[in-house]
Amino acid sequence: MITTLPLYAFMTHLVSLLMLISIGLDYKAKKLIFVIAALSVTYFVTFLSLSDYEIYAQGFRNIDLSQSIQEQYSLFYGEYLYFYINYIFRFFTDDFNLVRIFLVGSALMIKLFFLLRWGRFYTLSFIFYIAIIFYPDSYLLRSSLASSIILIGIWGVLNNKSAYLFFISIVIASTVHASALIALPIWFFRKIDIKERYAYILLGVFFIMSFINVGHGLVSLLGYFIGDVYISETLIGYVNSKYSNSVGIVRMSVLIYVSIAIVFIANKRIIIKHTDHYNLILAIVLYSLFFLIGLSDFEILADRLFRLLAFFLAVAFGYIMSIISRDVNLSVT
């Protein structure tokens with residue numbers, strides 16, 4: 001396997017080429033091209049030796065099929081479903097790459113079909129996701145799959161389904177990665193109407209929070225109050241590690257994400273005419289930036305929690321591009 005990033009540039013170019021090919025095709029053909037793009041990306045990821053790969057692979061190799069699941073669970077990760085997936089695959093293969101293909105591919109497919117159902121300008125949105133957001137998702141296997149299962153719950157909210165689908169999805173996602181529980185408040189976002197000025201104020205508050213060490217205070221508070229031993233011990237274990245350093249907010253990625261949020265807010269009156277779900281999408285985008293910016297003094301907390309909802313920046317990007325395209329077409333005509 002290789003470790004260099006140029007393969008990601010190649011994947012981005014490949015996806016861009018496939019998206020260009022899909023332009024002008026009917027919906028079924030376009031969907032097929034999207035699936036080919038997702039499968040191609042999943043395949044090329046297997047050539048990379050990425051961060052955390054050996055940790056995941058070693059855990060997989062340590063599974064002893066002669067022992068029951070109950071006997072080994074405590075020696076593995078704290079999330080049941082992730083362990084069961086590995087345990088089942090262990091019956092058929094010794095190659096963790098097959099597990100990685102399943103995890104990355106499943107997560108990508110769910111995100112892809114969510115985008116096709118609830119997004120706009122799917123081609124550019126998917127390219128944006130692969131080029132800007134996907135890299136950490138390709139090696140944060142548990143978090144990436146959990147984030148996609150969260151999307152299933154949010155799909156139910158957008159479809160006006162009962163609360164059961166949403167909360168069951170979040171609970172299932174938490175058995176892949178416990179941090180998925182941060183998505184629970186999204187159920188209460190569905191009727192929120194965030195005025196433009198309040199959205200800007202919230203962004204300002206997040207930047208203020210980044211300077212007053214909110215992340216460390218929150219970890220200490222959660223570690224004290226959370227009853228789950230696995231979660232509380234994990235949080236406390238991070239406090240004195242390298243992962244508790246400040247990640248900073250002066251980064252190109254933060255600039256890109258915040259810019260998307262600002263443009264999405266500024267064009268509310270136009271975008272809301274094209275989707276009944278503008279307010280929910282905006283609320284989730286702001287919620288994700290709360291973690292990325294507001295908790296930036298605690299690196300792993302900020303980045304990992306942000307990643308669970310970061311896909312909605314790709315969704316927002318698609319809506320922004322759709323109104324830009326509309327304006328261009330109007331000016332041409």
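**Values against definitions**

Guide: Take α6 to begin: its 23 residues reach 33 Å from the opening C-alpha to the last, close to the 33 Å expected at 1.5 Å a residue. The expected span is 1.5 Å times one less than the number of residues. Helices are DSSP runs of H or I with at least four residues, strands are E runs of at least two, and both are numbered from the N terminus.

Visitor: What are the ground rules here?

Guide: This is a predicted model: local features need pLDDT of at least 70, side-chain atom pairs count only at pLDDT 80 or more, and totals for chains, interfaces and linings use all residues. Residues are numbered from 1 along each chain as its sequence is written, and side-chain values use heavy atoms, with hydrogens and water left out.

Visitor: How do you know that the span of α15 agrees with its residue count?

Guide: Helix α15 (residues 278–294) has 17 residues, which should span 24 Å at 1.5 Å a residue. Its end C-alpha atoms are 23 Å apart, so the two agree.

Visitor: What makes α15 mostly covered?

Guide: Of its 17 residues, 16 are buried. Buried means under 20% relative accessible area, exposed over 50%, and partly exposed in between, with a 1.4 Å probe and protein chains only. Across the chain, 51% of the 333 residues count as buried.

Visitor: Why is T93 called buried?

Guide: T93 has 14% relative accessibility, so it counts as buried. T93 sits in the loop between α5 and α6. A polar atom of its side chain lies 2.9 Å from the backbone nitrogen of D95. D95 in turn places a side-chain oxygen within 2.9 Å of the backbone nitrogen of N97, at the start of α6.

Visitor: Why is the contact between D193 and K268 called a salt bridge?

Guide: The rule asks for a side-chain nitrogen of Lys or Arg within 4 Å of a carboxyl oxygen of Asp or Glu. The closest N and O atoms of D193 and K268 are 2.8 Å apart. D193 lies in the loop between α9 and α10 (196–209) and K268 in helix α14 (residues 268–271), so the pair ties together parts that are 75 residues apart in sequence. K268 is buried, at 10% relative accessible area.

Visitor: What makes D193, K195 and K268 a network?

Guide: Salt bridges link them. K195 also pairs with D193, with the closest N and O atoms 3.5 Å apart. K195 counts as partly exposed because its relative accessibility is 40%. D193, at 42%, counts as partly exposed too.

Visitor: How do you know that D303 and R307 form a salt bridge?

Guide: Their side chains meet at 3.6 Å, N to O. Both lie in helix α16 (residues 299–307), four residues apart, about one turn of the helix. R307 is buried, with a relative accessible area of 10%. By the salt-bridge rule, the count comes to six.

Visitor: Why is N160 called exposed?

Guide: N160 has 70% relative accessibility, so it counts as exposed. N160 lies in the loop between α8 (141–158) and α9 (163–174). Its phi is near 60°, a positive value in a residue other than glycine.

Visitor: Why is F121 called partly exposed?

Guide: F121 is at 31% relative accessibility, so it counts as partly exposed. F121 has a positive phi of about 50° although it is not a glycine. Its place is in the loop between α6 (96–118) and α7 (122–139).

Notes
A polar contact is a pair of N or O atoms within 3.5 Å; within protein, one must be able to donate a hydrogen and the other to accept it, and residues adjacent in sequence count only if both atoms are side-chain atoms.
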